[in-house]
Amino acid sequence: MALRFYWYPKCGTCRNAKKWLDEHGLEYEEIHIVEQTPSQDELAQLYQTSGLPLKKFFNTSGKKYRELGLKDKVGTASQDELLKILSSDGMLIKRPIVTDGQSVTVGFKEEEFNNTWAK
């Protein structure tokens with residue numbers, strides 16, 4: 001499976017991740033995270049595959065996150081509630097998300113990309 005690259009083109013971190021993928025010659029399918037927000041089921045799959053805490057999938061520095069007062073809710077809501085919130089708006093999701101179906105990275109840290117995606 002080619003990589004799936006969930007991103008927001010105006011996001012500098014996403015552009016850096018895209019540049020890294022391109023420089024390493026990796027094929028990927030671009031998915032605009034706002035125009036094609038992952039469904040609740042897709043997010044559940046990404047979350048389970050990643051092994052990360054669900055709160056790592058939230059764009060905690062985003063304006064929308066603050067406007068909706070999600071800081072408190074993330075600590076108390078159920079997994080289903082949190083997945084539903086995430087799937088309601090791509091701007092709430094930390095980006096980029098990269099997956100090959102076996103591994104998932106959230107955000108962009110060059111060292112993590114080197115360890116996970118470098119051939």
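These are my notebook entries on one predicted model.

**Entry 1: overall fold**

I began with the secondary structure of the chain. I counted 6 helices and 4 strands. I then read along the sequence and wrote down the pattern β-α-β-α-α-α-α-β-β-α.

Next I looked up the dimensions. The C-alpha trace spans about 40 × 25 × 25 Å along its principal axes. I also wanted to know how the radius of gyration fits a compact globule. For 119 residues such a globule would have a radius near 14 Å, and the chain has 14 Å, so the two agree.

Of the contacts with a separation of 6 or more, 66% are between residues 24 or more positions apart.

**Entry 2: surface and charge**

Buried residues make up 42% of the 119 residues. The chain exposes about 6,900 Å², and I noted that carbon and sulfur atoms supply 43% of that area.

For charge, I found 17 positive and 17 negative charges in the chain. I compared their mean positions, which are 7 Å apart.

**Entry 3: aromatic rings**

I went through the ring pairs. A pair of aromatic rings is described by the distance of the centres and the angle of the planes. The count for this model comes to 6 aromatic pairs. I also recorded a cluster formed by Phe5, Trp7 and Tyr28.

I looked at His32, which sits in strand β2, residues 28-32. Is His32 buried or exposed? Its relative accessibility is 16%, and the cut-off for buried is under 20%, so His32 counts as buried. Leaving out residues up to four places away in sequence, I found that His32 touches Trp7, Tyr8, Pro9 and Thr37. Trp7 was already in my notes as a member of the aromatic cluster.

I then moved to Glu27, in the loop between α1 (12-23) and β2. Glu27 has 64% relative accessibility, and exposed means over 50%, so this residue counts as exposed. With residues up to four places away in sequence not counted, Glu27 touches Ala2 and Leu3. I also took the distance from Glu27 to Phe5: their C-alpha atoms are separated by 9.7 Å, and the two residues are 22 residues apart along the chain.

I looked up Asn59 in the loop between α2 (40-50) and α3 (63-67). Asn59 counts as buried because its relative accessibility is 12%. What does Asn59 touch, not counting residues up to four places away in sequence? I listed Tyr65, Met91, Leu92, Ile93, Lys94 and Arg95.

Most residues other than glycine have a negative phi, and most peptide bonds are trans. The bond that joins Arg95 and Pro96 is cis, with omega about -5 degrees. I placed Pro96 in the loop between α5 (79-88) and β3 (97-99).

**Entry 4: Asp100**

I ended with Asp100, in the loop between β3 and β4 (104-106). At 24% relative accessibility it lies between the cut-offs of 20% and 50%, so Asp100 counts as partly exposed. I took one distance from here, to Gln36. Asp100 and Gln36 are 64 residues apart in sequence, and I noted 18 Å from C-alpha to C-alpha.

Definitions and conventions:
Residues are numbered from 1 along each chain as its sequence is written. This is a predicted model: local features need pLDDT of at least 70, side-chain atom pairs count only at pLDDT 80 or more; totals for chains, interfaces and linings use all residues. Side-chain values use heavy atoms; hydrogens and water are left out. Helices (H or I, at least four residues) and strands (E, at least two) are DSSP runs, numbered from the N terminus. The radius of gyration is taken over C-alpha atoms; the globule rule is 2.2 Å times the number of residues to the power 0.38. Buried means under 20% relative accessible area, exposed over 50%, partly exposed in between (1.4 Å probe, protein chains only). Contact means heavy atoms within 4.5 Å. Accessible areas come from the Shrake-Rupley method with a 1.4 Å probe; for residues, only the protein chains shown count as cover. Lys and Arg count as positive and Asp and Glu as negative; His and the chain ends are not counted. The place of a charge is taken as NZ of Lys, CZ of Arg, CG of Asp or CD of Glu. Rings of Phe, Tyr and Trp (its six-membered ring) pair if their centres lie within 6.5 Å; planes under 30 degrees apart count as stacked, over 60 as edge-to-face and the rest as tilted.
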